[in-house]
Amino acid sequence: MRRKVFHWSVWILVLFCLLLATVLFSFCAGSVAMPLKKILKVIFEGRGTSEYSILFDIRLPRIILGFAIGGALSLAGVILQGMFRNPLVEPYTLGISGGAAVGVCLNIVLGLSRGLGIISLPVCGFLGAILVILFVYSLSIRKGILKIQGLLLTGVMISFISSSLIMLIMSISHTEDLHGIVFWVMGSLEEPNWLLIKLALGIAVFGLAVSYLFCFDLNAFSLGEEEALHLGINVERAKRLLFIVASLLTGFSVSVAGIIGFVGLVVPHFIRMFVGSDHRILLITSFLCGAIFLIFCDTLARIIIAPLELPVGVITGILGGSLFIYALSKKQVSLGGK
Amino acid sequence: MMRRNIILLVVLFGICAAAFYFLLKLPDNSARETGFSRHPMVRQPKRIISLGPSITKALYLLGVQDKLIGDTIYCIDPPEAKNKEKIGTVVEVNMEKIFNLNPDLVLATSLTNPKAREKLKNLGVKVITFSTLKDFSDICKQFLELGRLVDKENEAKEIVRRAENEAALVREKVKDFYKPKVLIQVGARPLVVATGRYFVNDYIEFAGGINIAKEARGGIYSREQILKANPDVIIITTMGMAAEEEKMIWQKYETLSAAKSGRIYIMDTDEITSPTPQSFVKTLEVFVHILHPGGMK
């Protein structure tokens, strides 16, 4: 036991260092180059200069949002994969992102954002996500029992339906609206509103704290629902709460940053290869690794073809996918639950 | 024992969250300080960034190119505009680069990423957004607005007055000509056409033609509908290779009167879709020529 704790602490320490390094890298890199030495000078003496503003008003918000969204998505991925005992489940599988996307598209097409300001976009996205969550949840609950497989299938269908709906909206909308929709669907960590960024961070950390309360339940789930019940776990309560936590994390992430694929699928698997599938450590390390991964990808997206910017989803997909295949070929581990 | 550990962890998280929150308060305030004091009440902007080709063109026309410090990679007309600092595309701009150029006026279009516009405003940069051009009078109105912004109001008025006169002359000239049915295709796969909600429609109408897609709601149009309306002239705006391909497709339809008379033309996109009042009139002349070859009645 003691060795295990030591082992885990090392992992957490390593990830923290990596996180720090990534954040520093993200701070330094950009179309306006700032070597480390200069940054220190700017931080301590440069209040009011444009470099200071670039660091704290342009780069810092993106880093923080990357931390929150990356962490939240991977955390949701771990929870859902553990709950469903299915390695292919990711936060977007349950149709929550689709619901958010439809909400945002409707907002753009109906011109609400012009009247109510840009803040109405995430609000509509979140409403869409909540509606889907309620819908999927109420369809899959029978006599107080949450049917896991039903939940999964309904979710997948919802995401198909919503992607068709988005295409429908796009095909009948005007050119100027089309751009807004495409922007949003591509996903980006650029967010002008500080309150939303803080909220995203708060929700991500809160999600980690709450889901950590259920780490033993998640471990028990990997044996199967019935076995978990025999181990004395309140299976229904755990399932319901975990589902709600995961969907809220996803819904909020998607409505703030748009659809950033792959983080929630790859990071949990990747981490599982290294730390094993004990959720006590998996939850924290996945959160950290997701945050590192997304911040790193976003920085790459910013600098690869500067002054132009790539959508961050491009990098997460290519980098994440190839890294994962490489790791998989090196290390044969059983994926997901059973 | 385990429970207690977990509770401890949760408390730790809470503390972390609170610490983060206070850390974040710091840059929030500084943004306001640095941002809004940068350019108090700009009357005559000296450092302008243009985020649209037509805006760049208009700035050159107004003779304020020296104040233009950055534009998009699509700003290629006039050719000198290519040498300005590039800050991104029409839709996706590089925030750091813009900010580092320290502009006192950013001229954006409705295509510019709305989040980027909002962010620049939060940083204290004056951002003016020009909406999509609906018709010729819209072009003139925005040009005048631009003239006011860069303190060249009289020049702008003069240019608009001249363009309006010329446009009126053209309309007068073609008034009694036979009105051919016209289609302007702005995209292939999906087939996108210029509808009545877009200023391109005015090229057709001013030049004495009928836009067969005027009433269409969205951009995507069906080929059948076009064959049924049977346009006399089809104008394709270049999309590289696709334009030639599209031309060949249209030529295959033997019943199409534009194909029969060989009146399928390819025009440069930039010339058509990023207008100033002056370039509008120039392009209008080309249209008159295409729609009424040899002053045909």
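This report describes chain B of a predicted model, with attention to its two assigned domains and the boundary between them.

## Chain B as a whole

In this predicted model, chain B has 297 residues, of which 51% count as buried, and its secondary structure comprises 12 helices and 10 strands. Among the contacts in chain B with a separation of 6 or more, 59% are made by residues 24 or more positions apart.

## Domain assignment

The domain assignment divides out two parts of chain B, with domain 1 covering 14-132 and domain 2 covering 174-291. Where these parts meet, seven residues of domain 1 of chain B are in contact with six residues of domain 2 of chain B.

## The boundary between the domains

The size of an interface is often expressed as the accessible area that is lost when the parts come together. Between domain 1 and domain 2 of chain B, the buried area is about 560 Å², and carbon and sulfur atoms contribute 66% of that area. On the side of domain 1 of chain B, the residues B:S54, B:K57 and B:L61 together provide 69% of the area that this domain buries against domain 2, which is more than any other three residues supply.

The residues with which domain 1 of chain B touches domain 2 comprise three that are nonpolar, two that are polar and two that are charged. Between the two domains of chain B there are zero salt bridges, while the count of residue pairs in polar contact, with both residues at pLDDT 80 or more, is one.

Conventions: Residues are numbered from 1 along each chain as its sequence is written. Chains are lettered from A and ligands numbered from 1 in the order in which they are written. This is a predicted model: local features need pLDDT of at least 70, side-chain atom pairs count only at pLDDT 80 or more; totals for chains, interfaces and linings use all residues. Side-chain values use heavy atoms; hydrogens and water are left out. Domain bounds come from an automatic or database domain assignment. Contact means heavy atoms within 4.5 Å. Buried area is the accessible area (1.4 Å probe) that two parts lose on being put together, summed over both. A salt bridge is a side-chain nitrogen of Lys or Arg within 4 Å of a carboxyl oxygen of Asp or Glu. A polar contact is a pair of N or O atoms within 3.5 Å; within protein, one must be able to donate a hydrogen and the other to accept it, and residues adjacent in sequence count only if both atoms are side-chain atoms. Ala, Val, Leu, Ile, Met, Phe, Trp, Tyr, Cys and Pro count as nonpolar, Asp, Glu, Lys and Arg as charged, and the others, Gly among them, as polar. Helices (H or I, at least four residues) and strands (E, at least two) are DSSP runs, numbered from the N terminus. Buried means under 20% relative accessible area, exposed over 50%, partly exposed in between (1.4 Å probe, protein chains only).
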